[in-house]
Amino acid sequence: MSESMLMKGNEALAEAAIRAGCRFYFGYPITPQNEISEYMARRIGEHGGVFVQAESEVSSINMVYGAAGAGGRVLISSSSPGISLMQEAISYIAGAELPCVIVNMSRGGPGLGGIQPSQSDYFQSTKGGGHGDYRIIVFAPATIQEGCDLMATAFDVADKYRNPVMILGDGMIGQMMEPVVFPEVVDVAGLPAKPWATTGNEGRKANLINSIYLDPEELDTHNWKLEEKYRKVRENEVRYEIVHGDDAEWFFVAYGTVARICMSVIQRLRKDGVKVGLVRPISLWPFPDEAFEKVVGQAKGFLTVEMSTGQMVEDVRLAVNGRKPVYFYGRTGGAVPTPRSVERRLRDVIEGRVPSQSDYFDRVGGGKS
Amino acid sequence: MIPVYTRPKSLTNVVTHYCPGCPHGIAHRLVAETIDELGIQGKTVGVASVGCSVFAYNYFDVDFQQAAHGRAPAVATGIKRVTPDSIVFTYQGDGDLASIGMAEIVHAAVRGENITVVFINNAIYGMTGGQMAPTTLVGQKTTTSPFGRDPKTQGYPVKVSELLATVKGAHYVARFSLHNPANIQRAKQGIKKAFQNQIEGKGFSLVELLSTCSTNWGMTPQNALKWLEENMLPEYPLGEFKTGEGE
């Protein structure tokens, strides 16, 4: 099917997952992602799939462990506090090298926080939310269309590396409606075989899904084997977009919905002759360092804009590595930066009114809304 | 010469890490004999839990997944939903199942998951060195109840089989004991029924097996069996608590 449909983000992602061959979904209610579960409960059965509402996020993600280990194409979704509960099992899934896709429609924290859009789970998503040396691959769509396009990619990448892939959205991506054109339906029968899955040892040696290595030498070997895999992910799975990379002197750095706000600001500023562009990481891990290599020479500076008190900005600083100034602007807790406030912040930066790069305080909003 | 007693095909030929006198070996053998007799080795998937039986996958010659502490019923649910033709069993101790994993076991029963649960109850945490479990008897000394379990502050032993028997989704719930040959034979029949139920699609089946931990109880294996008989049997009566007829 190739016609455009108007759909809510959460429902569109669920439909995209089914079209990508997902046949197993495990969930637990939490706002603002319930439409994913509800859509799966209604529709996945039509494709011979299975929907299970678990007793908790702890159980749902462990069902994912079992289902992925049995060879299923598995999706789970939740929002920030629920994702926190899943971190133990995500560590096990990464340790046991199982493929799955995790959607986090993140909301404001810490604690119970709020239910409005937020980007304050960047650290948790990209720096290892659970225990141990592991990485999960994180894709951050800026539009519903991009989320749907990334869904099939996420499953394929998860299978290729036998590693969890997270689609990190926020309440806005999940709740808003946009036109979307779905990618081609994946032929489930044509997906690569998983000879390692626990499907019964008839005619072969027994398979084991496991993350325990009590012998230090074995665990060390296992960890370096994982790291070798992550090195390949860093080489092959970096995704980003650069806007106005040809002539921009100042760059916004933003992902997800905030990148779209920055795009509005760019259009307005360019009318005034301000040469501003955007670096938009799509893969948050692996972080697109190479995007900064491309523009750092021409850039006078960067302004990272996030719905957080400053998380991704640390990776931006590592990528820029002191060569140019990196400023920050953020709102939290569901307060979304307005185009006007973002524009004013950039003008303040350009015109020298932001005293230092470590000045995170929102002078426009006064830190308050 | 005709061998009359051999290692079950579904058990691997390795020395286990269990302490001398530990009934895990007996329980493993009963499960393996059952798998052999039912002819399901090639489609059985085990789920190992956290505790002394964490390495159960080394001893069963079937596909296995190793689960996080308490989560084996959730992992088994995932496996069974993807491969409904697989025969999926969890093997869990009382710390794993009755403490940290209480939500998972209850809700697997509530959903009537068509899985088999082998639950070893020896009233103590074995692998971590003899701490109090929810199943520890009143007055029983452990490293975290050094003066004996005091119900005023530590409550009373949880009776998993009785509890799960109240769950409509559970099909078969029974408690057996491994303290002497006659009871071991009965346990074998219960385990077989619990697997047979799954083959027939009857739903959630759990067999609780009373067991010992001579190492952490601080007794000889022989005295531990006697202690089980004298102390655990009164607290944990044996029998089939639920043989659900189409519920």
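1. Two residues count as in contact if their C-beta atoms, placed from the backbone, lie within 7 Å. The model is predicted. With that cut-off, 26 residues of domain 1 of chain A are in contact with 22 residues of domain 2 of chain A.

2. Where do these domains run? The assignment for chain A gives 5–236 for domain 1 and 241–350 for domain 2. Their C-alpha centres lie 28 Å apart.

3. Look next at the side of domain 1 of chain A that touches domain 2 of chain A. Helix 5 (122–126), strand 6 (137–139), strand 7 (164–170), helix 7 (171–175) and helix 8 (216–236) of chain A each give two or more residues to this side. Helix 5 of chain A supplies the largest share, four residues. By residue class, this side of domain 1 holds 14 nonpolar, nine polar and three charged residues.

4. A sheet can be followed in chain A. It is open, has five strands in the order 10-12-11-14-15, and its pairing is mixed. Strand 10 (240–243) and strand 15 (326–330) of chain A are the edges, each pairing on one side only. From one strand to the next, the twist averages 20°.

5. How do strand 10 and strand 12 of chain A pair? Their sense is antiparallel, over four bridges, with strand 12 spanning residues 276–281. Val243(A) stands opposite Leu278(A) in strand 12 of chain A. In general, strands of a sheet pair through backbone hydrogen bonds.

6. Two helices belong with this picture. Helix 9 (residues 256–271) of chain A lies across strand 10, strand 11 (250–253), strand 12 and strand 14 (301–306) of chain A. Helix 9 runs at about 165° to strand 12 of chain A. Helix 11 (residues 312–320) of chain A packs on the sheet and touches strand 11, strand 14 and strand 15 of chain A. The direction of helix 11 makes about 160° with that of strand 14 of chain A.

7. Now the second chain. On chain A, 32 residues are in contact with 28 residues of chain B. Strand 3 (50–53), helix 3 (57–69), helix 4 (80–95) and strand 9 (208–209) of chain A each give two or more residues to the side that touches chain B. Helix 3 of chain A gives the most, with eight residues. The side of chain A that touches chain B divides into 15 nonpolar, 14 polar and three charged residues.

8. Strand pairing also links the chains. Strand 9 of chain A pairs with strand 2 (residues 63–66) of chain B in the parallel sense, over two bridges. Which residue of strand 2 of chain B is the bridge partner of Ile209(A)? That partner is Gln65(B).

Note on methods
Residues are numbered from 1 along each chain as its sequence is written. Chains are lettered from A and ligands numbered from 1 in the order in which they are written. This is a predicted model: local features need pLDDT of at least 70, side-chain atom pairs count only at pLDDT 80 or more; totals for chains, interfaces and linings use all residues. Ala, Val, Leu, Ile, Met, Phe, Trp, Tyr, Cys and Pro count as nonpolar, Asp, Glu, Lys and Arg as charged, and the others, Gly among them, as polar. Two strands pair if DSSP finds at least two bridges between them. Axes are lines fitted to C-alpha atoms, for helices over the stretch in contact, and angles run from 0 to 180 degrees between N-to-C directions. Domain bounds come from an automatic or database domain assignment.
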